Amino acid sequence: MNCSLCSIAQKQLSATILYEDAVCLAYLPHNGAVVGHIHVIPKQHLETLEDAPDDLAVQLFAVASAAATAVYEGLGCQGTNILCNNGKGAGRIGHLVLDVLPRKEGDAFALKWEGKQLAPADFDTVVQAIADKVEVFAAKKEPAVVAPAPLSEPIPAVQEQPQPPEETKTSEEDYLVKHLYRIP
Amino acid sequence: MQLSPDQQQALDAQKVQCPFCKIVKGEIQSKKVYEDDKLLAILDINPAAKGHVLVMPKEHYPIMPFIPADVFDHLFIKTKLLSKAVKEGLLLFGDTIYIANGYAAGQQSSHFMLHLIPREEMDGLDFFTLKRGAVDAVKTKEAAALLKQQLRSSLRQQYAKYPLAQEEQEVAYKPEEKQAALQQPAPKKSTIGTGRQYTKETLIELIEANSQLKQLITHYPGDFKKQVQQNSRLQSLFAHVNLAEVIAHFVPKKEEPEEETSEYTMDELVDLINDNPKLHDLLLKQTYAFAETVQKVPELKRIFGNVNIEELERAVLGREVRQEEDVADILETFSKEHITSLTPQSPIQEQDQSIVRLEEQEEKEEKQERKKPEKKEEKHKEKKKDKEEAEESSVDADLLSKLHAEFMRGKK
């Protein structure tokens, strides 16, 4: 595979590496947008954040956050951005990258957008579309663990009511799955 | 993160005012996409794009480092999920995750949140794709030393899950000869003993005696310097002398006859690169590889040697790309010229001619046809010599043969 970021991760291309662990890497790109612009990349060739396992996704952002703190304290900037163009639509093709940017007031970056006016109906359809997917994905996550539980119980709806304090402790996935089973 | 009482007070005051805390409490209405005990995701009322989602912890944290580890983990696990949901819910292939810490970075509310902005081509949000500038190498180096320390300590305070890889070094691509030469000084040192201080004269003597090392310093003074700084044994060896003086002793004598000055001005080079999209891409996307190849291949060094590659990149970025109609023609001529410049025998004068050729395309076509078989052979030799360069030239070879086929078809 001819991926320059993979080559950096495998040390075939030289780079100013700031941090490295088993799964990810932080380095200063030679053609960064500004001094102190840091790239945080997974070592594995992943194209989107969704391809990463949960642990890795969290670690990437943890390193990015630490890098942001480092930039803030080390370079004396006034703010930091963490930016992840995730997928083709966002103009990123190839290896996933998190950009950490030191920011100063009045610098050359214009990461600002003009708010669009949407009809209230649009908001509703969008909410619905996204929330539906969230529910589906959340339910999918732990099918093996959660699915048998409500099935084995003949009357889940009745039994659940006395247990609300315990319910709050279980994760959101559990809740949503049970919720799904309760609907019919 | 530990807060002083003052900070805590300020934070509490912030919370009272914070509109997003009110949204979390339900005092202000919002379009909720997702909610659990720690997080809330809502639609931005002033979205950058349809489906712009704000993901926030329910607790009021002003900036990212304030977020405790458990919430942090949860936040990004759910962000991943939401990002997928946004993409699939809206049938798009991309989104941008945007986090701003601090007013200067564009943070608009004191309640930490991250933005999930659905993206598609031509959506007018291209500014999220950062412009590549060439940053100052010296400043970057200074920054690197600082940041390395800072990053580790701040990660230690935060939530590192994985152990650090063992003491990593900047691994540079080196010719074998250089590496062999580098191993030389170390044993030498051990035979003489550790406590001694070397004067400039003795060191120069030592280096004179070692032809490999001498060559290394003559040809790659920069790399030599870098290695000395990185290698602790070398460092102690050269600790008591001015490294620059030692290098200066060797470099000027040899360098002048061997290094020829670049015949091209910056403008000409920019033209050269702008006219060849492949080269252009290579320069912008893999500047490192490009710079390294230039350093390694003497023919390329003659063309680009005296130009700062980063400066060149900046100059290229500043120029407008030619119109598409021209591209096909120019591509053909320049892929050939590029190869001409790579061939070992080609003298500089020929390269100069190649620029003239650009303007007189018709004459050129005849010449090129005649030269083609030769060039290919030479190219094969090159391949063996240098992997990276082989990639480059093989791409050009493919291109060339395609263009040639097209050209022949056109003639018939």
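Predicted model: local features only at pLDDT ≥ 70, side-chain atom pairs only at ≥ 80, totals over all residues.
Strand 2 of chain A, which covers residues 24-28, is mostly covered, with 5 of its 5 residues buried. In a regular strand, side chains alternate between the two faces of the sheet.

## The neighbouring strands

Strand 1 of chain A, made of residues 16-20, runs antiparallel to strand 2 of chain A and is joined to it by 4 bridges. A hairpin of 3 residues connects strand 1 of chain A to strand 2 of chain A, and A:Ile17 has A:Tyr27 as its bridge partner in strand 2.

Strand 2 of chain A is also joined by 4 bridges to strand 3 of chain A, residues 38-42, and these two run antiparallel as well. In this pairing, A:Val40 of strand 3 stands opposite A:Ala26.

In soluble globular proteins, nonpolar side chains tend to be buried together. The largest nonpolar core of this model has 68 residues, and those touching the most other members are A:Ile38, A:Val40, A:Phe61, A:Ile130, B:Val33, B:Val53 and B:Phe76. Helix 2 of chain A, residues 54-74, supplies the largest share of this core, with 13 residues. Apart from this core lies another one of 17 residues, which includes B:Leu269, B:Phe290, B:Val297 and B:Ile303.

When neighbours within four places in sequence are left aside, the residues in contact with A:Val40 include A:Leu25 and A:Ala26, together with A:Leu60, A:Val63, A:Ala64 and A:Leu96.

Key: Residues numbered from 1 in each chain as written. Chains lettered and ligands numbered in written order. Heavy atoms only, no water. Buried < 20%, exposed > 50% of the residue type's maximum accessible area, 1.4 Å probe, protein only. Pairing = 2+ DSSP bridges. Core = buried A, V, L, I, M, F, W, Y, C linked by side-chain atoms within 4.5 Å. Contact = heavy atoms within 4.5 Å.
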